[in-house]
Amino acid sequence: MLFASCQRFVSLLALTGLLSLSAIAQEPAAELADDQAEPQGLLPLEDLRTFTRVYDHIRNSYVEELSDSELLEYAIKGMMAELDPHSAYLDAESFEDLQVNTSGEFGGLGIEVGMENGFVKVISPIDDTPAQKAGIEAGDLIIRLDEKPVKGLSLNEAVALMRGPKGSPLTLTIVREGVDQPFELTIERDIIKVRSVRTKILDDDFLYLRIAQFQVGTGDDVASRLTKTLGDKSNIKGVILDLRNNPGGVLQASVDVANAFMDGGLVVYTEGRLSSSYSRYEASAGDLTHGLPVVVLINDGSASASEIVAGALQDQGRAVIMGTRSFGKGSVQTVVPISERRAIKLTTARYYTPSGRSIQAQGIEPDVLVERAKVTAVKPRLRTTEADLAGHLGNSNGGEESDSKSRDEARSAQQSLLSNDNQLHEALNLLKGLNILRQPALAEPQDGAGIAPPAATPANPDSSPPDNSPEAP
């Protein structure tokens, strides 16, 4: 029986070898010489015997009959599962899901997930999705989906359970750091349409640009929004690029986004075992923001492509990075089709920032550390200003007066941003400070500009002018 199983397996290996040789024959001769400079060792015979014994026992003794096709697919999944968390076997459904996700529309809850110790870990919730609105946070561990334990499921199986028709509920049991007991959240599934880029104007002069996920068209979207906004509003003084809770996505999209803020220079490079894994990505000439100050917000939910952008702008001295240390995914996955409907997603390289940093399992350290916090400003006592006094003099330069009412309104707007998003509030303050340093030096005052001429020198140096100075109240 073992001999028959060995025969089957050896036949399979022989067929695989022939297919591999056929594929290698199509590679350029120079690359073949590079990649095979160090010949691989022979397959270990004893380990192959072990495999065939296990295969044979399962095939003949498992409580339910399984076909050879099913067993071989399980073997492939097992190999992939023992690699890093980002390598995976993609069956027909998973392969289709991957293609759908990069296009920006899919059905489900709206969370980017990975595996940790057999449980589903939330890398980040996606903006404006049911998961984000329900309060799912980066770092949450999902231990049950409805009544089904997650332990023992593959990531693809867990994701399949989270998918479903619009409006159907799913109960997640969550373990969260700082919370004593697991708790449940019931979320209704929806059609997830990820809006990759959003913009708004803060304090009339500063552009806020939020990227939720790096999709195929994200770079073009960022470029068009920067061009339009800066063209329509010439008074923009700086940009906040918000990459918090951005799980990454398409590598080329991250290069395109960094390119929008850089005037040439290296963005990122990759290195792996094969010579074909080495790539360099350079920014083209022409900074779309024309050198405006940039602050990039990151946190522990910023991963992969987000870290490429943050690392490039940090190393090139193009932006100040603010927030908390990023996720630390510094590896590149290549999707290799195995057939028309199946593929493997295999980690083939690490990427490095322009200074040569590998952020794998380390993350990007922000230049300015700002933890997310709930901040409440101390409300000042009600005070009367000069502009509140009846009959007060007007501003000689024609400037807008600042009375207690206008100050309260401005303070209220700042308090809303401070209490709801203290990291964004700090980024805006830093951007204002950077803009002050860019202001040109004051010009010499002109006649009549409100500057009093110097006093005439008295004829007798020993005599003193009469003391007509006003008394301070």
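View 1. Side chains of opposite charge can pair when their charged atoms come close. This is a predicted model, in which local features need pLDDT of at least 70 and side-chain atom pairs count only at pLDDT 80 or more, while totals for chains, interfaces and linings use all residues. Residues are numbered from 1 along each chain as its sequence is written, and side-chain values use heavy atoms, leaving out hydrogens and water.

**View 2. A salt bridge between D140 and R176.** The N to O distance in this pair is 2.8 Å. D140 lies in the loop between α6 (130-134) and β5 (141-145), and R176 in the loop between β7 (169-175) and β8 (183-188), so the pair ties together parts that are 36 residues apart in sequence. Helices (H or I, at least four residues) and strands (E, at least two) are DSSP runs, numbered from the N terminus. D140 is buried at 2% relative accessibility, and R176 is buried with a relative accessible area of 17%.

**View 3. D242 and R210 within a network of salt bridges.** In the salt bridge between D242 and R210, the closest N and O atoms are 3.6 Å apart. D242 belongs to strand β12 (residues 238-242) and R210 to strand β11 (residues 206-211), so the pair ties together parts that are 32 residues apart in sequence. Both D242 and R210 are buried. The network links D127, R198, R210, D242, R244 and D421.

**View 4. An open sheet of six strands.** The strands follow the order β10-β11-β12-β15-β16-β19, with mixed pairing; two strands pair if DSSP finds at least two bridges between them. At the edges are β10 (197-202) and β19 (368-369), each of which pairs on one side only. Strand β16 (residues 320-323) runs parallel to β19 and is joined to β19 by two bridges.

Methods. Salt bridge = Lys/Arg side-chain N within 4 Å of Asp/Glu carboxyl O. Buried < 20%, exposed > 50% of the residue type's maximum accessible area, 1.4 Å probe, protein only.
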